[in-house]
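Thanks, everyone. I'll take a few minutes to walk through this model. Please keep the structure open while I talk.

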Amino acid sequence: MPVTPRPDPIAGWPLLLAAVLLNIMLVLPLWLRFGDVGGRWIALEAWWLPVLFAWLTAHWTTRAARAGVALLLVLAVAAGLGDAATHQILGRSLNLYFDLPALVSVHHLLVGNLGQALAVLILVVTALLLLGILALVFRGLRPVPVRGAAAVPALVIGTLAAVLTALEVAGERVVPVARTPVVDTLVFQSRQIRDTHHARQHFETAVVDGARPARALPGLAGRDVYLVFVESYGVSLTDDPRFSGPVLPRLEAMAPRLEAAGLHAVTGRLDAPILGGQSWLAHASMLSGVWIDNALWYRLMLELGLPTLVDDFKATGHETMTVMPAITMPWPEGRAYGFDHIFAAADLDYAGPPLNWVTMPDQFTLHRFNALRAQVSAPLFAQVALVSSHAPWTPILPLIEDWEQVGDGRIFAPWGEAGPSPETLWQDMERVRDYFARSVDYSLHVSLDWALQFLEDDTLLILLGDHQAAPLIIGEDPSPAVPVHLISRDPALLEPFLERGFVPGLIPPKPGQPAGMDVFRHWLHADFGPG
């Protein structure tokens, strides 16, 4: 007589292990995003899915469903991790509609900060980790024998999931830790894609139709105008005691020196459209007079040929130039803007050492700009984007007192291997913050000393930050404002800005509600246009 195999009472317990591991995987992005575990440690999907698949029969359709659900879960986790990283670096949520193309920029940043080998290793490890998670999830969502006593764990887990789901749907907070991170992530990203698509249509119609056309600025005719961006120079460097130690004394010391040399300065604040990176969006907002806070808007602005300050100054009789020492790859955007002269890193003939991510020191960039300016006979509008205060903020250079010694940059050779390596520095976040403040201080020291020694009588210098540093460095929910210094030997050029809330000197006014960078072009039209 055949013997019926007895059910194994522990056969169903792998379900519990699968649910626990899946739960940890699904809530991990929430822990990283919010920085704590409280209230975010049960993912309902982790308890429903193993039970549902456990009761299915082993069939190719079941395997296909397992593969599809496993892939969906891993993609949701990847999006959640991306959202946590985006909040730490850029201070906003991940938006798949326009952030996916930025992955190439992330790779370049890793290469610049960590080197090609380590950057490739990180990408390979990340890919293998995601594939490993995919395999584990696929295995965890498998049919298991849950008959007799072995069905007890499945029934317990299923009942618990049903109760928690009912409480969550009913809005009851008896168990306030239930979450649906996969559903929440997919719904949030779907809504963002829909809303961003609608916003794109709005941008292409209302925003473009309302863009201010190119118009001459007769109040600035015959004068050089330089728009100089200092990397990562935000108001945290003047408002936050953690960072203001090097910067405030520098500004306080340079103001009387400028005044003694016949230079006048006023300072205000402007809100940047971004935090932590993507400086080109700040440049675009200043130049176009349109709020450009994402890569899609940036691309559309250039494709649609929106007029910018480049066009305004061309209409005024200026030649136009951009000096971009951080650009090491083809940069068609420069031609799209319409600059007459474009100088990227390879065009600046720097013979000194690279300084981690930084291609060349700011003092060399400004020294080289002097020579480039001398080659242009017409009045010049120039955009210069400095880069020494870009992460990883090591090494810190001194000012070369005699600018003529800067030469082709070989004088900077002793600093090629100076200071801690990025890998060493970034093991101590407080030390990173100290180096960050000191690197911005270096950029300001160089910029203001350059203005002191080389600014001509008929020149208006607009010296400003491009954005605040990442929230990872300066803290959550920072102000998006950056200091803006206007310097000239002609005080009449600065009077309109005093009327707009700017204050004399180099110290920014007290925090308030500053205008956005997109307003600056409109101010120039109002104050220096034909009237």
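Start with β5, residues 319–324, and β7, residues 380–385: these two strands pair in parallel, over five bridges. Within β7, phenylalanine 381 stands opposite threonine 320. Keep in mind that this is a predicted model.

Now the whole sheet. There are eight strands, and the sheet is open. Read the order as β6-β5-β7-β3-β8-β9-β4-β10, with mixed pairing. Which strands stand at the edges? They are β6, 341–344, and β10, 503–504. Each has a single partner strand, so one side of each has no neighbour in the sheet.

Next, strand β4, residues 264–271, where leucine 270 lies. Is leucine 270 buried or exposed? Its relative accessibility is 0%, so leucine 270 counts as buried. Phenylalanine 520 is 250 residues from leucine 270 in sequence, yet C-alpha to C-alpha they are 8.6 Å apart.

On to the aromatic pairs. The search of the whole structure finds 17. Take tyrosine 226 and phenylalanine 369. Their ring centres are 5.0 Å apart and their planes are at 85°, so this pair is edge-to-face. Tyrosine 226 is in strand β3, residues 224–230, and phenylalanine 369 is in helix α15, residues 362–374, so the pair ties together parts 143 residues apart in sequence. Tyrosine 226 counts as buried because its relative accessibility is 6%. Phenylalanine 369 is buried as well, at 1%.

A second pair is tryptophan 393 with phenylalanine 436. This one is tilted, with 5.0 Å centre to centre and 55° between the planes. Tryptophan 393 sits in the loop between β7 and α16 (422–425), and phenylalanine 436 in helix α17, residues 429–454, so here the parts tied together are 43 residues apart in sequence. Both tryptophan 393 and phenylalanine 436 are buried.

Arginine 438 has its charged end over the ring of tyrosine 435, 4.7 Å from the ring centre.

Last stop: serine 236, in helix α9, residues 236–239. Serine 236 is buried, because its relative accessible area is 9% and the cut-off is under 20%. Setting aside residues up to four places away in sequence, serine 236 touches Phe243, Ser244, Gln468 and Ile474.

Methods. Residues are numbered from 1 along each chain as its sequence is written. This is a predicted model: local features need pLDDT of at least 70, side-chain atom pairs count only at pLDDT 80 or more; totals for chains, interfaces and linings use all residues. Side-chain values use heavy atoms; hydrogens and water are left out. Helices (H or I, at least four residues) and strands (E, at least two) are DSSP runs, numbered from the N terminus. Buried means under 20% relative accessible area, exposed over 50%, partly exposed in between (1.4 Å probe, protein chains only). Contact means heavy atoms within 4.5 Å. Two strands pair if DSSP finds at least two bridges between them. Rings of Phe, Tyr and Trp (its six-membered ring) pair if their centres lie within 6.5 Å; planes under 30 degrees apart count as stacked, over 60 as edge-to-face and the rest as tilted. A charge sits over a ring if NZ of Lys or CZ of Arg is within 6 Å of the ring centre and within 35 degrees of the ring normal.
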